[in-house]
Amino acid sequence: MNTSHDLKRRQFLQSLAAIGAAGVAGTSSAVTQADDEHAYLHSLIAPGDVVLFQGDSITDAGRSRETAATPNVQSTLGSGYAWMAAAGLLTNPHLAGLQVYNRGISGNKVFELAARWQEDCLDLQPNVLSILIGVNDIWHALNGNYDGTRETYENDYRALLTRTLEALPEVKLVICEPFVLKAGAVNDSWFPEFDGYRESARTLAEEFHAVFVPFQTMFDAAVAYAAPDHWAGDGVHPSPFGASLMAQHWLMATGHVG
């Protein structure tokens, strides 16, 4: 038996459990095992809710535009974390009648979400809205294809959330922490600037009383157990392993553990 390997794995799993328990800002949606029978009564998502995943290519994950209007099917949901998280919701007997959509679009920055927000968000009238955005806002600035800054990102994001709550005052927000891993396209030139984008997302989650899903913190713990390219080969787009880890933590942050 490789005792060192087993210890490292146990420490990793313990750290992930701690991250999941701590990943809520503003709205408390942590669920304990002690009340398993009633656990789903304390979750963010209720039976019959419309759940919408929004973002860039990490959320898009190859989803079909042809079936975009049909909820709850894999072609609509793509092949990434949104589909995996949706599978966890849609197989939960406590959550009948859910409608789960994915409207992520590859390459999007915050202002591009705003440009399509009426059709791809507000018209769907989601009860729960999950947003993961930010990596393109910095990546395209680093490669010279965009002149936005962290301040641009935060201001645009705040305006988008304000607009959302004005139109949908009862919507429950989930703000996901943007993340990168040091592999592929990601190198030291991304830092410390990228950490500012993460901080902006956390600040907005607190400001708008949203559930916060700490994906970067999660991956920082995960690389102690497996190399960065195991989780995201190019440092940005998660592998199936990375997407599965994201889905698990999204479900934990929104109260769906069991």
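Colleague: Why are α7 and α9 called roughly antiparallel to each other?

Modeller: Two packed helices are described by the angle between their axes and the distance between the axes. Here α7 (residues 135-142) and α9 pack at about 155°, with axes 10 Å apart. Axes are lines fitted to C-alpha atoms, for helices over the stretch in contact, and angles run from 0 to 180 degrees between N-to-C directions. Angles under 35 degrees count as roughly parallel, over 145 as roughly antiparallel, 65 to 115 as roughly perpendicular and the rest as oblique. The α7 and α9 pair is therefore roughly antiparallel.

Colleague: What kind of model is this, and how are residues numbered?

Modeller: It is a predicted model: local features need pLDDT of at least 70, side-chain atom pairs count only at pLDDT 80 or more, and totals for chains, interfaces and linings use all residues. Residues are numbered from 1 along each chain as its sequence is written, and side-chain values use heavy atoms, with hydrogens and water left out.

Colleague: Which residues make the contact of α7 with α9?

Modeller: Asp137, Ile138 and Leu142 in α7 meet Glu193, Phe194 and Tyr197 in α9. Contact means heavy atoms within 4.5 Å. By class, this contact has four nonpolar, no polar and two charged residues. Ala, Val, Leu, Ile, Met, Phe, Trp, Tyr, Cys and Pro count as nonpolar, Asp, Glu, Lys and Arg as charged, and the others, Gly among them, as polar.

Colleague: How do you know that β3 and β4 pair?

Modeller: Two strands pair if DSSP finds at least two bridges between them. Strands (E, at least two residues) and helices (H or I, at least four) are DSSP runs, numbered from the N terminus. β3 (residues 128-132) and β4 (residues 172-176) have five bridges, in the parallel sense. Ser130 has Val174 as its bridge partner in β4. β1 and β3 also pair in the parallel sense over five bridges.

Colleague: What makes β2 and β5 edge strands?

Modeller: The open sheet has five strands in the order β2-β1-β3-β4-β5, with parallel pairing. β2 (99-102) and β5 (211-213) each have a single partner strand, so one side of each is left without a neighbour in the sheet.

Colleague: Why is β3 called largely enclosed?

Modeller: Buried means under 20% relative accessible area, exposed over 50%, partly exposed in between (1.4 Å probe, protein chains only). Five of the five residues of β3 are buried, so the rest of the structure largely encloses this strand. Val128, Ser130 and Leu132 cover one side, Leu129 and Ile131 the other.
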